[in-house]
Amino acid sequence: MLAVRSCATLAEAAGLLSGDRQAVLLGGGTLVMRDVNEGRLTEGTLLRVTDPAFRRIEAGGARIEIGAGVTMGQILASRELAFLHAPARAIGGPAVRNMASVGGNLFAPAPYGDFTVALLALDAQVVVQAGFGSGRATPLEELLASRDRASPGLVTAIQFSRPANPGDFHFRKISRVKPKGLSLLSIAAHLPLAGGRVSQARVAYGAMAPTPIRARGVERTLEGKALDAAAIAAAQQAALEGCRPATDAIASEWYRREVLPVHLGRLLAGQPR
Ligand SMILES: Cc1cc2nc3c(=O)[nH]c(=O)nc-3n(C[C@H](O)[C@H](O)[C@H](O)COP(=O)(O)OP(=O)(O)OC[C@H]3O[C@@H](n4cnc5c(N)ncnc54)[C@H](O)[C@@H]3O)c2cc1C
């Protein structure tokens, strides 16, 4: 049988999650409740978190913190987070966006995870609380690398630096069905320029591996270069490094590999999809 338990504090939820293998954190429930309704999840305890910190956005300064329970709708309502509106709008339709949390998106299987792709390109850290202790900040990339092997505990918040120039941040979701189709792939890039050259490029993909990944080859290729035709061509050459896309109902592995460099090139050149 399934039980539901409300936790008034993040510490209580983290403690219960660590102590009970059958406890499942309920974020917005867009995936968890689908598992319940379709009979895949029938035993254990669903943990609801009512702690206001779980849904708090602190975005007034240079360092941004988003509670893991913040919904895509909340992101879209925040003017300070305007640079994240494109990835938030990419998640499902309005009903899904009103429930789907940023924390839940970190755990959504491919081809989901579009918002997480944006967070990866922002070099985000996640605050993970395991047991009743205090939270520990860890790189998002590390959480994603071990996500499918072990439960990390409760993600309480996501932290990252505000891009100095929002125009340096780019996001694209490529899907066949507009506006609500699932990702054939998604790309996020943070490309700050220093003296006209890319400095500390961060590029991430969704649906090109079992979890969102950083495009290290592209980052290396762009570092220190002006974003001209030669640099873009070199980035396209390196585009597939580290990719392990799946064949699913949306696209084949072959197709994803074929079209990724094309879409990356268009994004880097500032061209429309
Ligand atoms: C119709 C539909 C369309 C969708 N379209 C998209 C799309 O276009 N793009 C996309 O990226 N996703 C999409 N999704 C997937 C999903 O809605 C989102 O990824 C969403 O962000 C998941 O958040 P949630 O809060 O609903 O997660 P939940 O369903 O509550 O949880 C999902 C998983 O994450 C775990 N979890 C949640 N929060 C935490 C936390 N803070 N700490 C630790 N574990 C946690 C849960 O225990 C569970 O295992 C879609 C889903 C549906 C049903």
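This is a predicted model: local features need pLDDT of at least 70, side-chain atom pairs count only at pLDDT 80 or more; totals for chains, interfaces and linings use all residues.
Residues are numbered from 1 along each chain as its sequence is written, and side-chain values use heavy atoms, with hydrogens and water left out.

Let's start with the largest pocket, which holds about 1,400 Å³ of space. A pocket here is an open set of points on a 1 Å grid over the protein atoms alone, where a 1.4 Å probe fits and protein lies on both sides within 12 Å along at least five of seven lines; lining residues have an atom within 4 Å of a point. The volume is the space filled by probe spheres set on the points, which are joined across faces, edges and corners. Of its 49 lining residues, Leu-31, Val-32, Gly-104, Phe-107 and Ala-108 are closest to the centre of this pocket.

Helix H6 (102–107) is among the elements that each supply at least two lining residues, alongside H1, E2, H2 and E8; H6 has the largest share, at four. (Helices are DSSP runs of H or I with at least four residues, strands are E runs of at least two, numbered from the N terminus.) By class, the lining has 25 nonpolar, 15 polar and nine charged residues, where Asp, Glu, Lys and Arg are charged, Ala, Val, Leu, Ile, Met, Phe, Trp, Tyr, Cys and Pro are nonpolar, and the others, Gly among them, are polar.

Now for the ligand, which sits in the largest pocket (more than half of its atoms lie within 2 Å of the pocket's grid points). Around the ligand are 32 residues, with Leu-25, Gly-28, Thr-30, Ser-101 and Asn-105 coming nearest; a residue counts if one of its heavy atoms lies within 4 Å. H6 again gives the most, with four residues of this shell. The shell has 18 nonpolar, 11 polar and three charged residues.

Taken alone, the ligand exposes 980 Å², and the protein buries 87% of that (Shrake-Rupley areas, 1.4 Å probe).

Finally, the second largest pocket has a volume of about 270 Å³. Its lining is 14 residues, and Leu-26, Gly-27, Gly-28, Val-49 and Arg-55 lie nearest its centre.
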